[in-house]
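The following explanation leads the reader through a structure step by step.

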Amino acid sequence: MKISIQRETLVQYEVEIGEATLLEVLQKIKTTQDKTLSFSSGCRSSICGSCSVRVNQKEVLACSYKVQDGDVIEALKNTPLIRDLVVDMDKALDFNAKAKAWLSSITNSVALTQENEKINEIQSDCILCGSCYSACPVYAVNDEFLGPFALTRVWKYVADVRENEPKAKVDTIQTNGIWDCTLCNECTLVCPQDISSKTDIEKLRSRSAMDGYSDPNFASGFRFDGSPIF
Amino acid sequence: MNKSDVLIIGAGGAGLVAALHAHEKGVKVRVLTKEYPTRSQTCMAQAGINASLGNAGEDSVESHVQNTLKSARGMANEKAVRHMCKNASDAVMWLDSIGVCFSRTKEAKIAQRTLGGASSSRACYAQDYTGLKILHTLYDRCLAKNIEILNEKFLLDIIKNEEGVSGVSVLDIRSGEVEVYESKSLIIATGGYSRIYDKHSTNSTASSGDGISAALRCGAKLKDMAFIQFHPTGLKASSILISESARGAGGYLLNSNGERFINELLPRDEVARAIDTQIKNGQNIFLDIRHLGEDFINEELPQERKLALLYENVDPVHDLIPIKPVAHYTMGGIEVDTSSSTCIKGLYAVGECANQGVHGANRLGGNSLLELVVFGKQAGESASLYALENDFIPKDTLYELRDESENKNIKLDFYKIKEELGELFYKNVGIVRSKQDLFLAQTKIKEIQSQVHLMGVVDTNKVYNTNKIEFLEFKNILEICEQVVENALETKRSCGAHYRVD
């Protein structure tokens, strides 16, 4: 089987292997052919989010993608490349802090029902692999855009009935946040955990409207100082 | 600039819990990890975290203590076990308060399920993503508290003198430069060493015991290194974990004849040995959860279904899952006292790399996540107290990394040797052991150690040199292997996970 890996140049490798995941193939190349190949990996079971790369321009986890002859492997986009298939995730992860993606009010007094828990179950499956940032055309042109996984995380906490101050969370994501998304759905298509950040962003928009915010793209809804007109 | 009161190496569950509690005490905390926090081994914990909440039938702290002691086969420290079990409810309530999405009962209580060796349904869980959801919530909490976490720093050595620790040297993986971080106290939270079994382990490739070997090199004591838990149900081809909750929910173990051969809910060491005996008699072993039904599997065991499909090409709803026992958790580790302190002043250890004495000869499912929350708090508080009472110790010498890439005389491929060593350990220092097999393993390790100078790093690039990192991990693994086999030879009596046939 032949695959090509985008390094400083596109390098082709020929590997003798049966049905295998991309991660198994990368490991085989590394240990038997080319010890200089760099890539990240960890759990091998699609839960640590280390091994996200692009195959034929689509984001996948190397440990859960079955390699096909002729595949072209590249690092994630929109994230500083360190070497070969390894990118620097620090900046993307910083958006979790910028978006204040955490529970603001700590309380023991709120009991969650089964229904409450189901509201944000899928959002809490996120593994921060970064595939959604790589696929996001908005983040590609606006590197201050909070981006898909951070906004999904904000929705997770806004939707949590234990959060007493959801309004403060909503306030944080108005600029370079939910209104910048074009709802193109690319993030949903590449998510290995079947999360739809696009849907979460839509939910945050509805929630924002309830809190008196409106889409700034319709400029008439704002005063000169940028605050919304109710 | 590179100074902090408390320095924590490792950003898995134990490291982050310690960081949060140290931060609460008002000291400056810094965390270093060789990966990113959410990539740590904790994310792979699936089944649950034990606490005798009694939400699914009667339970008590005492039952939890007794189950833990029984599973530990008399090797646990009862005081530490009592401390852990007594604080379990508070630990789970704390996790719940910071936003962990535990599964719920119809009565809006935290749901609990039964794991092996437990007298009641005691494990609180979040589907089969318990570790993932706990780890990510802890990470979010650290962001909320603005705790400094530096990613992709590989621990080289602990720097200390006779007065105590003064910091660490690390390799910045991205730049390839050696850096020194100073601190008043230091917490090692680097996880276990199951990857000494190479591909015969459920663990992340990162579980190479880096913190344990660094602690050993600086004079800390290790304890019970031979005690390594084999999980009964790793997928046969890939060693990927199928959670104990599959058996807890009523899954069967079957041999090639379709016969059950063991009570599936006995502690892990007994089940693993029963499977091993069957395999040695030529049987193939399968996990059967078909009778649980598609709805139940989708709701309670979604990850299991996905992994079985991907790695074994079988659908657990309709097919048997081929399994084998694989190395899963290392009970042995850095010896610590009742304040999580090692024998070196200012040096603490917590989580799988530490030996708190709560697991003894065999860890109970659901107790490892609990351990890291309860003792993470203890380690964080102890280390911050130490930092408040003590000053920085100036370091005596500048520690520098030998440049591994300078070896021009590479004759042996360490990747090949690492794999062979894993095979040898699985066979000779695995589920059942004999004096003869252990001696053979010891001889082999000595032989490899004498050849290390013939191995080295082929990649000459400084930036993100994973070849170099993997060589450093290999050397740590080799040091750990030596300790494991030595302890296994010393311990002549069979006990829990250490089973001597002679």
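What percentage of the 230 residues of chain A count as buried? In this predicted model, 49% of the residues of chain A count as buried. The C-alpha trace of chain A spans about 65 × 40 × 25 Å along its principal axes. Nine helices and seven strands are found in chain A. Among contacts in chain A between residues at least 6 apart in sequence, 63% join residues that are at least 24 apart.

The domain assignment of chain A gives two parts: domain 1 covers residues 2-87, and domain 2 covers residues 90-221. Taken over C-alpha atoms, the centres of domain 1 and domain 2 of chain A are separated by 29 Å. Contact between these domains involves 14 residues of domain 1 of chain A and 14 residues of domain 2 of chain A. On the side of domain 1 of chain A that touches domain 2 of chain A, strand 3 (52-55) and strand 4 (58-61) of chain A each supply at least two residues. Strand 4 of chain A gives the most to that side, with three residues. By class, the side of domain 1 of chain A that touches domain 2 of chain A has four nonpolar, six polar and four charged residues.

An open sheet of five strands in chain A has the order 2-1-5-3-4, and its pairing is mixed. Strand 2 and strand 4 of chain A stand at the edges with a single partner strand each, so one side of each is left without a neighbour in the sheet. From one strand to the next, the twist averages 35°.

Strand 1 of chain A illustrates both senses of pairing. Strand 1 (residues 2-6) and strand 2 of chain A pair in the antiparallel sense over five bridges, and a hairpin joins strand 1 of chain A to strand 2 of chain A through three residues. Strand 1 of chain A also pairs with strand 5 (residues 72-74) of chain A, in the parallel sense and over two bridges. Ser4(A) can be followed to both partners: its bridge partner in strand 2 of chain A is Gln12(A), while in strand 5 of chain A Ser4(A) stands opposite Val72(A). How many of the five residues of strand 2 (residues 10-14) of chain A are buried? The count is zero, and strand 2 of chain A is hardly covered.

A further strand residue leads towards the other chain. Ile82(A) has its place in strand 6 (residues 81-83) of chain A. Is Ile82(A) buried or partly exposed? Ile82(A) is partly exposed, because 19 other C-beta atoms lie within 10 Å, whereas a buried residue has 20 or more. Ile82(A) and Ser38(A) are 44 residues apart in sequence, yet 9.4 Å apart in space, C-alpha to C-alpha. Leaving aside neighbours within four places in sequence, Ile82(A) is in contact with Val87(A) and Asp88(A), and also with Arg174(B), Val463(B) and Tyr464(B).

The contact between the two chains can now be taken as a whole. It involves 39 residues of chain B and 40 residues of chain A. Helix 4 (88-97), helix 5 (130-144), helix 10 (302-312) and helix 14 (466-490) of chain B each supply at least two residues of the side of chain B that touches chain A. Helix 5 of chain B provides the largest share of that side, six residues. By class, the side of chain B that touches chain A has 19 nonpolar, eleven polar and nine charged residues.

Chain B is itself divided into domain 1 (231-326) and domain 2 (404-490). The centres of domain 1 and domain 2 of chain B, taken over C-alpha atoms, are separated by 31 Å.

The account ends with the nonpolar core. In soluble globular proteins, nonpolar side chains tend to be buried together. Which residues touch the most other members of the largest nonpolar core? Of the 216 residues in this core, they are Ile187(B) and Val350(B). Helix 11 (residues 367-389) of chain B gives the most to the core, with ten residues. Not counting residues up to four places away in sequence, Ile187(B) touches Val6(B), Ile8(B), Ala18(B), Tyr348(B), Ala349(B), Val350(B), Ala379(B) and Ala383(B).

Technical notes. Residues numbered from 1 in each chain as written. Chains lettered and ligands numbered in written order. Predicted model: local features only at pLDDT ≥ 70, side-chain atom pairs only at ≥ 80, totals over all residues. Domains from an automatic or database assignment. Contact = placed C-beta atoms within 7 Å. Helix = DSSP H or I, 4+ residues; strand = E, 2+ residues; numbered from the N terminus. Nonpolar A, V, L, I, M, F, W, Y, C, P; charged D, E, K, R; others polar. Core = buried A, V, L, I, M, F, W, Y, C linked by C-beta atoms within 7 Å. Buried ≥ 20, exposed ≤ 12 C-beta atoms within 10 Å, placed from the backbone. Pairing = 2+ DSSP bridges. Axes fitted to C-alpha atoms, helices over the stretch in contact; angles between N-to-C directions.
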